[in-house]
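Visitor: Could you walk me through this one? I have a few quick questions.

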Amino acid sequence: MKLELRNKWVSLFLLSIAFLLIYNPLTRFPYTFCVIIVFILLATYLQNRDLKSLNFKHLRFREVKIMLISYVILELGVDFIVQPLVNWLCHEPPDYSSFEHIKGDTPQYFKWLYRMWISAAIGEELLFRAFAFAQLKNIFGNKKVLIAILSALMFCLPHLYQGVAGLIMTFVFGIAFALLYMKFQNIWINIIVHGLIDTLFLTLSYLGYIEFYQFIW
């Protein structure tokens, strides 16, 4: 049974189901990702009789340092180099207007922080990194570049509402998160780095500085 469930067609089916659950009409954000998380944990356990392939590893002091350094480098590099470049190339910034209602609204700010950590930090990293990497490896073998690109494409597609610039930025983040996951093989590092990046974004939205992301050289 273990070998059958790790067949490439089964992996393709499971990954497709996990991705399509994003668009299921029965649950709403952020609880859709609660369903996806449960599905991922169940599917992974049925495949392997454990959850090791999701790389829930202990965070030691070394990993904490790696996590913080990775966050600072990624945040600075994307915010001050990649984001302005993409804005310039697309002649428009990403469409973050759906977050403007957070400005000055403390209850909404904390509500969205809670939602973000469930859906983006935990849910998206489990789906687009841990689970996607495990299933894509079953499908394509150890083709790391291909897996990184495919996982980043899957990651950016649900962000179509942010426009072309937002789609490109999400793809860039997807590649960065993929490289981080491939390098350290610890999903907790990805979850926390992703959560910190989105926490800064929501904090700037709350303070009324969302135009920070509209900067063009």
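Visitor: Is C34 buried, exposed or partly exposed?

Guide: C34 is partly exposed, with a relative accessible area of 30%, where buried means under 20%, exposed over 50% and partly exposed in between, using a 1.4 Å probe and protein chains only. This is a predicted model, in which local features need pLDDT of at least 70 and side-chain atom pairs count only at pLDDT 80 or more, while totals for chains, interfaces and linings use all residues. Residues are numbered from 1 along each chain as its sequence is written, and side-chain values use heavy atoms, with hydrogens and water left out.

Visitor: And what about C156, buried or exposed?

Guide: C156 is buried, at a relative accessible area of 5%. Its sulfur has the one in C90 as the closest cysteine sulfur, and at 12 Å that is too far for a bond.

Visitor: How many disulfides are there overall?

Guide: Searching the whole structure gives zero disulfides, a disulfide being a pair of cysteine sulfur atoms within 2.5 Å.

Visitor: Switching topic, how many helices and strands does the protein have?

Guide: The protein has eight helices and zero strands, taken as DSSP runs numbered from the N terminus (helices H or I, at least four residues; strands E, at least two).

Visitor: Which residues does UniProt annotate as "transmembrane region"?

Guide: The unreviewed UniProt entry gives that annotation to residues 7-23, 29-46, 66-86, 167-184 and 191-210, although such annotations may be inferred rather than shown by experiment. In the model, residues 167-184 are 100% helix, with end C-alpha atoms 26 Å apart, whereas residues 191-210 are 85% helix, with end C-alpha atoms 23 Å apart.
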